[in-house]
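Hi,

Here is the structure I promised to pass on.

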Amino acid sequence: MSDPFEPVESVEPEVAAYLRSRGNVKVPADMLARTVDRIHTEAEGTRPRLARWPAFAAVAAAVVLAVVTFTVGSRPNLLPDGSPRATAVGHASTGPSPTQNATSAASMSTEFPESVMGMPVVSIREVRSLIDEEQLDGLAVAVRGYWIQPFVHSCPAPSRFIAPLERWCSFDVFSDIGYAGWNCIILGQGQSECHGNAPPVGTMTLSPIALGDAGGMDVLSRSFRDATNGIPAVLIGHAQDPRAWQCPTDIYDQCAREFVVDLVAWVAGETAEISQTDPSLAARMSVADVAAAVAPFELLTAQVLIASEAPGVDPRLHSAGGDLVWVARSISVIPSGSGDGTRSVDVWVIDDATERVTWHLGLEMGSDYAPGRFLAQSAERGSSQNGLDTFYRVELPDGSPVQDLTNGGWSSSEGTFRRRHPGLPSILEAGNYVVRAWRTTYDDRFLEEHPDECATEFTIAQSEEVRLEAAFPSRGGCEWRAPTFE
Amino acid sequence: MEPALTPELASADARSADFEALVGPWVNEMYRAAAAIVGTHEAEEVTQDALLDAWRGFARLRDRERARPWLHAILANRARKHLRAARSRPRLIPVATEPTNEAGRSSPDHAIQFAERDRLDRAFVRLSADQRVCLALHYSLDLSVPQIAESLGIPQGTVKSRINAGMERLRAAFRAEEQ
């Protein structure tokens, strides 16, 4: 196989001539003149738009100053299980309440920075427009607003694996006007009644998704203790995240439109540091080392992981096994050129032991990217023994590891069979692959030798979903078969 | 006698003239690159959009010596956006036409037969936007790998791998044609 980083040694002259001919065209004589005319016409049209934000801010400020100040008491427990210490009645109000805008004026006193990491800070309206026009594929943008945590009563889990970009138990709002996400009324005798608040009428909002690779969340979390009307913050994020392919196919479009946070870059006057390290993983490299490895690009996120977990950050990555790797995202040091304040984002995988870059690709999915989805599940005779679980590895036909898969943590029983339902799908380019399955304990999952291991070949096409089942009969051994359960 | 310009209008005109002087030498090159990336029929739209982007970002250009790579980057980005937007439209496979040079005459390179060109066109439109951009800058504008890397703000290895990957697919199409 040729080295992808070396130039093609010989190019058929016909192919080279074809490529040259594509640009060997007659340029219209008045090209510049007509372009300049259009520039003048459209530049005139853009001037009022540039002045829109201050006008909007003035109106917003007038609105929020007109209402009375209101503060809420101690914050209820907002854990997803919906079991606050006090009795809580959670429901969203159907409209704006006069009190919820009350202290926005105080929050507005913090001035947002004009730029972060060299990127101009834009409004939520502008970011929503970019998302609507699918202009944030592979591009990051910095946006200002108030992070609002709403009251969450409960969010029962569905009985299937939940993809990272599925909106489950994620109700946070990023708003261009600060407001109280909830109000609580003290009823006495340790009882309180809490209500979630809808955004004030006319508020422009985003619903950001911050996953484990988002930096600066610790600073944001600390700030919530003192917040009643949202935290003024600047987020750097992107849309069209490749993890959208891990969503069920019927909600792919919704997942692709999610605004995914790369970095909470600024929080109420405090600049957040990029510090995404898991202290339980003894990494050799520091965040500064990772920043040096991606130079001259600017580091945006950095997370140390077990190699098999890297596809959870970008499912296009081929990364398997138990070695430590850093998965990082960077932004270009020059603007994307579109004039909308965006920067192109690259994804990196760096081996922690050798400090070698093993993957570097653009975050952009590309116009032709339509991968297949592979799901693995298993059925075993008898009950789970000694904490054994099923593990899977997808490989290329030459044995090169692609990705490791695990079950989704969800199991059910049918007669004497225990069914283990699929976890995160493997996102694969069209082609031929091999999948292996074995049972072992979680700690031994990366050992070379496994009893009961079995393998099978499969082919996947663009946009196809392939699902296979590994069966472990009571006599021992393992065999692959078509799925016997959903 | 013309009315006197207000300082604001005079400043705007001066800025416009400054912009034209800066981009003028590179407009033809931008158009040729656009034609190579998205095709002749859409080259003007992409070039104009890129120049409009450049106008909007003109105030942020600090180093005028880097105008050329700056314009390449803007054009590449605009071409990518154009191709992304085209995803939602029916894909048009360009019909093979005899290539012409700047003088409007037929290309002397008759080694490329129309049938071959059609096959290569079909393979080219299936390349990723990034591969198209790198191939166009390399072969149509004769930019070196380091120049492309500087323009696009990506490592040279990435440029090489995009060129190689794109070339492999074109070569595969060409070889299939030969068989």
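Are A:Cys454 and A:Cys478 buried or exposed? Both A:Cys454 and A:Cys478 are buried, where buried means under 20% relative accessible area, exposed over 50%, and partly exposed in between (1.4 Å probe, protein chains only).

Before going on, please note that this is a predicted model, in which local features need pLDDT of at least 70, side-chain atom pairs count only at pLDDT 80 or more, and totals for chains, interfaces and linings use all residues. Residues are numbered from 1 along each chain as its sequence is written, chains are lettered from A and ligands numbered from 1 in the order in which they are written, and side-chain values use heavy atoms, with hydrogens and water left out.

Now the disulfides (pairs of cysteine sulfur atoms within 2.5 Å). Over all chains there are 2 of them. In one, the sulfur atoms of A:Cys454 and A:Cys478 are 1.8 Å apart. A:Cys454 sits in strand 21 (residues 454-460) of chain A and A:Cys478 in the loop between strand 22 (465-472) and strand 23 (479-481), so this pair ties together parts 24 residues apart in sequence. Strands here are DSSP runs (E, at least two residues), as are helices (H or I, at least four), numbered from the N terminus.

A:Cys247 and A:Cys255 also form a disulfide, with 2.1 Å between their sulfur atoms. That disulfide is left-handed because the torsion about its S-S bond is about -100 degrees. A:Cys247 counts as buried at 1% relative accessibility, and A:Cys255 is buried at 0%.

Chain B has 8 helices and 0 strands, and 50% of its 179 residues count as buried.

Best wishes
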